[in-house]
Each structure stands twice: as C-alpha cells, then as structure tokens.
Amino acid sequence: MYGAIEAGGTKFVCGIGTNPDDLKTAVIRTTVPEKTLREAIGFFRDSGIPIRAVGIGSFGPVDLHRDSSTFGRITSTPKPGWRDYDIAGAVAGAMRVPVGFDTDVNAAILGEARWGAAAGLADSMYLTVGTGIGGGAIVNGSVLHGLVHPEMGHIRIPHNYEEDPFPGCCPFHGDCLEGLASGPAIEARWGTVPEQLPRDHKAWDLEAHYIALGLVSWICTLSPKRIILGGGVMSQPLLLNKIRENLAALLGGYIQAGELNEGLNDYIVAAKLGSRAGVIGSLVLAEEAFYRSRPPLAFDVES
Ligand code: ZN
C-alpha cells in the first residue's frame, strides 16, 4: 500500500491505497504545520497498514529540486507558519519511507493521466479554479517542472478596467489571472461567495472570459491534447460551456485541430476523478518515489 497526502491550505486529504477504487481517505484541517503533520502521520500509523512510500501533492510554491538544500519545502507562501516549512522532510523523518513530492496540481494531472480524463494522452493539463488558480501539465509524457514549477494562475491577461473596474486581489500582482478570477476575487468583486451567485449573474460570463483567456495562452504554448478543469468555482454547472464558447471565439479559428472545433466538448472537460484528483495523483507520486529508491535488481544492472 502507498500513502497519499493532498496538502491544501485549508485541509489535508490523506489516503492509503494503490488506486482510486481501494483508496481510503481522511480529512485533516490545516492549522499550524507541526500539528497538521502530526495528525496526518497519525492517520497512517493508526491504520496499522504497512506503507511502502508516501506521495505529497502540496500547495505552494514549493521547492522540487532534489539537489537543493531546501528541497521538499513550501517556499514563499503568505500562509502563516508555513513559509519554509520542510513538509517532505517531516513525513520522511517520521515515516522512514521514500517520499514523493510535487505540487497539488501536478499530482492532480498525474492522477487524471493514470486513471481519469487524460488517460492514454502524452500531453494534457489540469487547471484548478478555487481559492487560488493553479495548473499542472504533462508534456511528452512527463510532468512539467522546469525552473521551479508552472505558476499558471499568475499569468497576466488582458484586463478591461471599463468593463471590470475590480483591481484584482493577488498580493503579488493585483490583476493576474488568479487576482481576477479565483473564488476570493469573485467574492471581493461581487460581495457574494461564488456558490451563492445566481446562475444568470453576469459574474459567470466575466469568469468564463478570464479562464478562456488563460486557456488560450496554454493551448498556444503547451499544445495540450486535453484540458481538465477542477476546483470549487468550476462546480457552477454552466461555467464549463461558457468557457468553451469564449475559448472558441478567442481562438478565432486559427489553430487547425478538430479538438478545438467540433471536438471542444471532449477537449475542455471536468475532472473525471472530481475533487479526489489530487489525493489519487499523490498515490502516483508515492509509487514513483518507491521505485526510485529501490535498489536495482540483477536484471536492471547493465553487464
Ligand atoms: Zn498573481
């Protein structure tokens, strides 16, 4: 069995299993790091099940470079107490097993690529629109990390101040995509949480427009074969179709691919694993960590 932790800013979802069908999960409220991790590790210990590796898909930003002295840490988060916290080290030290570590959205696309809406595709991406906006991508069969890791929520998008005078709420950039289109941005602009906005509120047209502007950037740069959308804001059922309509208009018929025309309903899709994508994908991180740590078997060694 593997252990999985989706480490979020408001809750940790911990799981034990090998795949979506046998995964047993528990939810722990995110408080201060030491208490939260003590409870998460307690969940694995109390199960009595031998765990051979743990995967962590974490909120970020995080340091993913294995040769870095700060590998496994959450870095420049504004969340009190968590800045520079060594989350991977805390789990490895307590559990004494290999630990896989990545962003929560990279975990989500790994889960969707193994068991969900991106199964069988070598190029795909996942975007969550909720308390924040974040994305993960698989390019040529590998999760994209690069310099740090993608920060898709913080791209700059066109902002028409006459149509939308809201200045944005990102503490770093103001009106980046997250600053304009995250759940807190919707609430700050309209004075109502997204779940309570009526279906016909103009907020949803603006939201779809902003998300579609982001999607154009990634379609033109990463060229994914499918885009999966998740997160709390996406639970508004009309939003997915509004995003597709905005996207088609913004692309202007330039990119010649059936997926972006008659196939758009199968191209922009909801997460098949739903809100469990992150914790399920963390199982994949655990499995990768286990096989990375395993001593080579005789038939692995080149003669
Ligand atoms: Zn930003």
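Mentor: Let's start at the metal and then turn to a helix and the cores. This is a predicted model, where local features need pLDDT of at least 70 and side-chain atom pairs count only at pLDDT 80 or more, while totals for chains, interfaces and linings use all residues. Residues are numbered from 1 along each chain as its sequence is written, and side-chain values use heavy atoms, with hydrogens and water left out.

The zinc ion has His 154 (ND1), Cys 170 (SG), His 173 (ND1) and Cys 176 (SG) as its protein donors, at 2.1 to 2.4 Å. Donors here are N, O and S atoms within 2.8 Å of the metal (3.2 Å for Na, K and Ca); water is not among the atoms, so sites may look incomplete. Along the chain, the donors are spaced H-x15-C-x2-H-x2-C. The arrangement is tetrahedral because the four donor atoms subtend angles of 103 to 120° around the zinc ion; for four donors, that label needs all angles between 85 and 135 degrees. Ideal angles for four tetrahedral donors are 109.5 degrees. Cys 170 and Cys 176 are both buried, meaning under 20% relative accessible area (1.4 Å probe, protein chains only).

Now for helix α5, residues 183-190, where Gly 183, Ala 185, Ile 186 and Arg 189 are buried. They sit on the same side of α5, because they cover an arc of only 160° around the axis, taken from the directions from the helix axis to the C-beta atoms. Helices are DSSP runs (H or I, at least four residues) and strands are too (E, at least two), numbered from the N terminus. Among what covers those buried residues are α4 (177-181) and α6 (203-221). Just after α5, Gly 191 has a positive phi of about 75°.

On to the largest nonpolar core, which has 40 residues; Leu 127, Leu 215, Leu 229, Leu 247 and Ile 268 touch the most other members. A nonpolar core is a set of buried Ala, Val, Leu, Ile, Met, Phe, Trp, Tyr and Cys residues joined through side-chain atoms within 4.5 Å. Elements giving two or more residues to this core include α4, α5 and α6, and α6 provides the largest share, 12 residues. Leaving out residues up to four places away in sequence, Leu 247 touches Ala 212, Leu 215, Val 216, Ile 219, Leu 264 and Ile 268, with contact meaning heavy atoms within 4.5 Å. There's also a second, separate core of 28 residues, including Val 105, Ala 277, Val 279 and Phe 290.

Note on methods:
Tetrahedral: all angles 85-135°; square planar, octahedral: opposite > 155°, others 65-115°. Buried < 20%, exposed > 50% of the residue type's maximum accessible area, 1.4 Å probe, protein only.
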